[in-house]
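The account begins with a local feature and then widens to whole chains.

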Amino acid sequence: MVTKPSRKRDTSRKIEGGMFYALCLVGILISLVSLATLLFDAFQDGLPWLDVQFLTSFPSRFPGQAGILAALFGSIWVVGLTAILSFPIGVGAALYLEEYAPQNWLTSFIRLNIANLAGVPSIVYGILGLGLFVEALALGRSILAGALTMTLLILPVIIITSQEAIRSVPRAYREGAYALGATRWQVTRGIVLPQAFPGMLTGTILSLSRAIGEAAPMIAIAALVYVRFVPTGPLDRFTVMPIQIFNWVNLPQSEFRGLAAAGIIVLLVVLLGMNSIAIFIRNRYQKRAR
Amino acid sequence: MVNDIKIDVRGLNVWFGGNHVLKNIEIGIKPNAVTAVMGPSGCGKTTFIRAINKLNDLIEGSRTTGEIYIDGENIYSKETDIFELRRRVGMVFQKPNPFPKSIFDNVAFGPRIHGVESEEELQEIVERSLKEAALWDEVSERLKDSALDLSGGQQQRLVIARALAVNPEIILLDEPCSALDPAATAKIEALMRKLVEKYTVVIVTHNMQQAARVSDFTVFLYLGELVEYGTTKRVFENPKSKLTEKYITGEFG
Amino acid sequence: MNTSNSATKARRQTQRTREYIIEKLLFASAIVSVFTTLAILGVLLFEAIGFFGQVSIVEFFTATQWTPLFAPQHFGVLPLVWGTILVTIIALAVAVPIGLGSAIFLSEYAPDRLRRVVKPLLEILAGVPTVVYGYFALTFVTPLLQNFFPQMIVFNALSAGLVMGVMIIPMVSSLSEDAMLAVPQSFREGAYALGARKHEVALKIVVPSALSGIVASFILAISRAIGETMIVSIAAGSTPKLTLNPLESIQTMTGYITQISLGEAPFGSLEYKTIFSVGVTLFLMTLVVNLIGQWVAKRYWRRY
């Protein structure tokens, strides 16, 4: 019995292949074009409003007099405090999990827990901050409450990236140190930490740069939207750049759109600066490691 | 009087998980001599020497029973200070593993963690150790350079200097020349013959000619069991076990 | 070893104490994460229980109107949940095909040099703050779409969903690409040797082999979309309703929480407590999605 196998003709497969490739290419192009449009749009709207007066003024009912000063300082305060809190705790937790933790249920639970926390929406962390720091610990709607909330938010990612940095330290270095009679902390401090430090630093700076763009958790702990002073201490009330931008976007007058775009430019420049520092650190130390 | 046994191994058994890697090893290693540990892959040579400085404890799921007496004290007793043990028993690994630090800091690492703080003392120790390891002449001008810039042979001598810096009595070497070229290998072998004046040297080797060249005593392990132990001359010329003879003549390896 | 002198013994003792303290400090750092989870659950449940003392759970999860700020008050959360789902569906409709297509392009078609340029550019998409996306949605996308859909209102689900989709593209693309790169080259070579063309190898060999990683990336994207706040707060509206029309304004769970946080609901009032009851719902939804994602990844993961 002879059956002719049904086969797609070679040319139609070729056409199929070409179309598929074109589709994938279109996909990438859409992504890149969207990015370009987004940035171009923000810059076009915002540049006319970006001047020294904008950087040194407080928000105002009059668009011509409004500025981002309070929000800029608020962001710096919050991110600075967050850095001080989150780095040691994150690195400490990563060191514990990689160098000290025994293989038992508690350790597995902690790891699972961290992985799950990384997937919790940022606004839920804001709600946590509201209930715990603002109300229960009576810190009020202060920079400190904001920084504590942000710390909890970025902690899982810092821990995970620090763990990766620690794991990249070759086992041979640790064995050599133990063979000389070093204690666990001597190995950790003398061998592991110095090697893993650049990676940990990079991961932390990248996490902080995401934190600086987060509005949702700060809104939930009700950072003020209309702030006309520069904060002077961690217990002051505050606002951050993304919230200021959000506020301006929601105002009906079209001039405030331009202000929002100018705020976006400032925010993006700060982000670019932070990311560049992180990448610089990573590149500089990747050359030396082997 | 057990003066002429430095490391007395009694009933040593090691398991990794369910795997019985070393079976009832009983042996007395002599001081101020080079003892070579030989055998085909997987016979437990590395596990054996790692039992002497308790480095097997670093491996999750390992279990060790039996005793090892060094100068009459059982290192597997509950009171043993493991850090002091590892100071007294130095180790050189198969692939040279200098720390990613300067040459000086590599050699100074050991003394520092054991309490030496004075910079003067450290300088003295580093110089002495590098001279003993026959490396001083090559690096004395560049102690601050990174150890990773040295050649393989130099790195291995650096690791030896690092081990010598803490004043050990025993030096364990796990196939120290397997990653090195013949010239570097020759330097290390010559170094071992010199070290034996002060230290007890145990070397794991895959290379029978090296064992014949360098060692005074030879241990032959097969599948975790001790098959033969005696002076190198006797083991090579007049092996007691048929298995040893087959290994030496290259029937298996 | 046991007969060290007294100076060494003393040093060892201080060393032992120091090692112990350090280990406990590091352990405390690790426990902060457990404390965080407990705190989230504690805060949410404590206030939510207060809420459900006054509003029946059944009404909350089954009624179809959400008007806590108007009289008469209705507390049915379904419109908010549906708003979230609607925007998520639109976002996925954008992110899944484009993200997967980009991943296939980068992993199977692009030469190495092109990859090294395009990949970081896609990562930039992921790094842009969501408030910027929200601005973009409101000031650019909506007016643009209004040219095609004149009946579209300024606040609507479509603009927010599309922009959210663009934001999520890197997540899908990056994780899918990692999954595809893990497929051994030998699989591809076997197919090529049989005369398969590149798109056939990609679709019939690579994608199925990498499926668990790809699906995991979709699920992660869903979770991210559900929890996203700024884009929807700016562009999607604040009118909770059950509608299939993406051109209308809706409200998501996150959008509502933002609205009420910025408002003047007195502390401790029922309106204030809605933050937590909606928060619980949001948390449970993302938790379930994340757990499904972990289950899928574990069940279908094959080690190569």
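## A strand pair in chain B

In this predicted model, strand β9 (residues 217-222) of chain B pairs with strand β10 (residues 225-231) of chain B in the antiparallel sense, over 6 bridges. Within this pair, B:Phe217 stands opposite B:Thr231 in β10(B). The two strands β9(B) and β10(B) form a hairpin with 2 residues between them. In the turn, B:Leu223 has a positive phi of about 50 degrees.

## An open sheet in chain B

Chain B also contains an open sheet of 4 strands, arranged in the order β2-β1-β4-β5 with antiparallel pairing. At its edges are β2 (19-29) and β5 (73-74) of chain B, each of which pairs on one side only.

The pairing of strand β1 (residues 7-16) of chain B with β2(B) is antiparallel and extends over 7 bridges.

## Chain A: overall form

Chain A has 11 helices and 0 strands; read from the N terminus, its elements run α-α-α-α-α-α-α-α-α-α-α. Its C-alpha trace spans about 85 × 70 × 40 Å along the principal axes. The radius of gyration of chain A is 25 Å, whereas a compact globule of 290 residues would have a value near 19 Å.

Of the 290 residues of chain A, 51% count as buried. Where contacts in chain A join residues at least 6 apart in sequence, 76% of them link residues at least 24 apart.

## Chain C: overall form

Chain C has 12 helices and 0 strands, and from the N terminus its elements run α-α-α-α-α-α-α-α-α-α-α-α. Chain C is more spread out than a compact globule, because its radius of gyration of 25 Å is well over the 19 Å that the globule rule gives for 304 residues. Along the principal axes, the C-alpha atoms of chain C fill a box of roughly 85 × 65 × 35 Å.

Buried residues account for 47% of the 304 residues in chain C. Among contacts in chain C between residues at least 6 apart in sequence, 72% connect residues at least 24 apart.

Helix α11 (residues 253-262) of chain C is mostly covered, with 8 of its 10 residues buried. The buried residues in α11(C) are C:Met253, C:Thr254, C:Gly255, C:Tyr256, C:Ile257, C:Thr258, C:Ile260 and C:Ser261. In general, an α-helix has 3.6 residues a turn, so residues three or four places apart point the same way.

## Domains of chain C

Chain C is divided into domain 1 (6-54) and domain 2 (78-300). The centres of these two domains of chain C, taken over C-alpha atoms, are separated by 35 Å. Their contact takes 6 residues from domain 1 of chain C and 8 residues from domain 2 of chain C. On the side of domain 1 of chain C that touches domain 2 of chain C, the residues divide into 3 nonpolar, 2 polar and 1 charged.

## Contact between chains C and A

How many residues does each chain bring to the contact between chain C and chain A? Chain C supplies 64 residues and chain A supplies 66 residues. On the side of chain C that touches chain A, helix α1 (residues 6-54) of chain C gives the most, with 19 residues. By class, that side of chain C has 39 nonpolar, 20 polar and 5 charged residues.

## The largest nonpolar core

The largest nonpolar core has 258 residues, and C:Tyr135 and C:Val163 touch the most other members. Helix α3 (residues 78-109) of chain C provides the largest share of this core, 17 residues. The core draws at least three residues from each of domain 1 (6-54) and domain 2 (78-300) of chain C.

Which residues are in contact with C:Tyr135, leaving aside its neighbours within four places in sequence? In chain A they are A:Ala42, A:Val249, A:Ala260, A:Ala261 and A:Ile264; in chain C, C:Ile234 is in contact with C:Tyr135.

Methods. Residues numbered from 1 in each chain as written. Chains lettered and ligands numbered in written order. Predicted model: local features only at pLDDT ≥ 70, side-chain atom pairs only at ≥ 80, totals over all residues. Core = buried A, V, L, I, M, F, W, Y, C linked by C-beta atoms within 7 Å. Buried ≥ 20, exposed ≤ 12 C-beta atoms within 10 Å, placed from the backbone. Domains from an automatic or database assignment. Contact = placed C-beta atoms within 7 Å. Rg over C-alpha atoms; globule rule 2.2 N^0.38 Å. Pairing = 2+ DSSP bridges. Nonpolar A, V, L, I, M, F, W, Y, C, P; charged D, E, K, R; others polar.
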